[in-house]
Amino acid sequence: MRSSACVVRQRIDMTQRFPLWRTVKAYISHDDPRVRAANLVAIVVAGNQPFYPLYVYLSVSHVVWPTFLTFLSTPFFFAVPTVSGRSTTAGKALLPIAGLANVALCLKAFGAASGVLLFLGPCILLGGMLFRRSERLVTYGLLGVAALVLLGSGYGTPLHVYGAEEYDRFFALNAINVVTLMTFLSLLLSNLMDEVTREA
C-alpha cells in the first residue's frame with residue numbers, strides 16, 4: 001500500500017512540475033489504443049522535427065536551409081490528435097500520410113542519395129499496425145501512395161546537391177533515425193497488441 005501511494009504521489013508531482021506534459025498527455029489521450037498510439041507517434045515526430053536541421057548541421061553539412069522545407073509537414077503531425085477526435089480513421093490515416101508527404105518533401109530537398117526513402121519503412125509499418133481488419137482498404141491505399149512516392153520521378157534536381165562524402169553521412173544519419181523510429185514503433189506495437197488482446 002505504501003509503495004502504491006508513493007507511485008501515485010510521484011505521478012501527481014510530475015504533472016504539477018511539468019504542466020506541459022499534462023497538456024500533451026490530455027491531447028493525445030483516447031479510449032482506442034490504436035488511436036492513442038497514432039497520437040503519441042505524431043506528437044513525438046512533430047516534437048523532433050525542429051531538431052533535424054541541427055542533426056544535419058552537426059553530422060552532414062553547414063548547408064541546412066533545405067531542411068526547413070520539411071517543416072511544411074509539422075502542422076499535420078500536430079493535427080493528428082485533433083482529427084482523431086472527430087474521426088478515428090481519418091486521424092490514424094493522417095499520420096502515415098503526413099509521413100509520406102514528408103518523405104516526398106525530403107526527396108525534393110535533398111535527393112534520394114540522402115537515404116530519406118528509408119523512412120517509407122516506418123510509414124508502411126504504421127499503415128499496418130494502426131488499422132483494424134475492417135479498415136484494411138485504408139492500409140492498401142497507403143501502400144499505393146508509398147509506391148507512388150518510391151517510384152515517382154517528378155522530383156527533379158534537389159534544392160541543394162551535397163557532395164559524395166556528405167551524402168554518405170546523410171545516409172548514415174537518416175538510417176540511424178529510421179532504426180530509432182522503428183525500434184520505438186516496435187515497442188509501441190508490442191504494447192498495442194497487449195492492450196488489444198486484453199480488450200478481446
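This is a predicted model: local features need pLDDT of at least 70, side-chain atom pairs count only at pLDDT 80 or more; totals for chains, interfaces and linings use all residues.
**Notebook: aromatic rings and a surface patch**

Residues are numbered from 1 along each chain as its sequence is written, and side-chain values use heavy atoms, with hydrogens and water left out.

I then listed the aromatic pairs, of which the structure holds five (rings of Phe, Tyr and Trp, the last by its six-membered ring, with centres within 6.5 Å; planes under 30 degrees apart are stacked, over 60 edge-to-face, the rest tilted). Phe-110 and Phe-170 form a tilted pair, at 4.8 Å centre to centre and 45° between the planes. Phe-110 lies in helix H6 (residues 88–110) and Phe-170 in helix H9 (residues 164–199), so the pair ties together parts 60 residues apart in sequence; helices here are DSSP runs of H or I with at least four residues, numbered from the N terminus.

Next I checked Tyr-162, which pairs edge-to-face with Phe-170 at 5.4 Å centre to centre and 85° between the planes; Tyr-162 is also buried, as is Phe-170. I recorded that ring pairs link Tyr-52, Phe-110, Tyr-162, Tyr-167 and Phe-170 into a cluster.

Last, I turned to Leu-54, found in helix H4 (residues 52–59), and noted that Leu-54 is partly exposed, with a relative accessible area of 44%.

Key
Helices (H or I, at least four residues) and strands (E, at least two) are DSSP runs, numbered from the N terminus. Buried means under 20% relative accessible area, exposed over 50%, partly exposed in between (1.4 Å probe, protein chains only).
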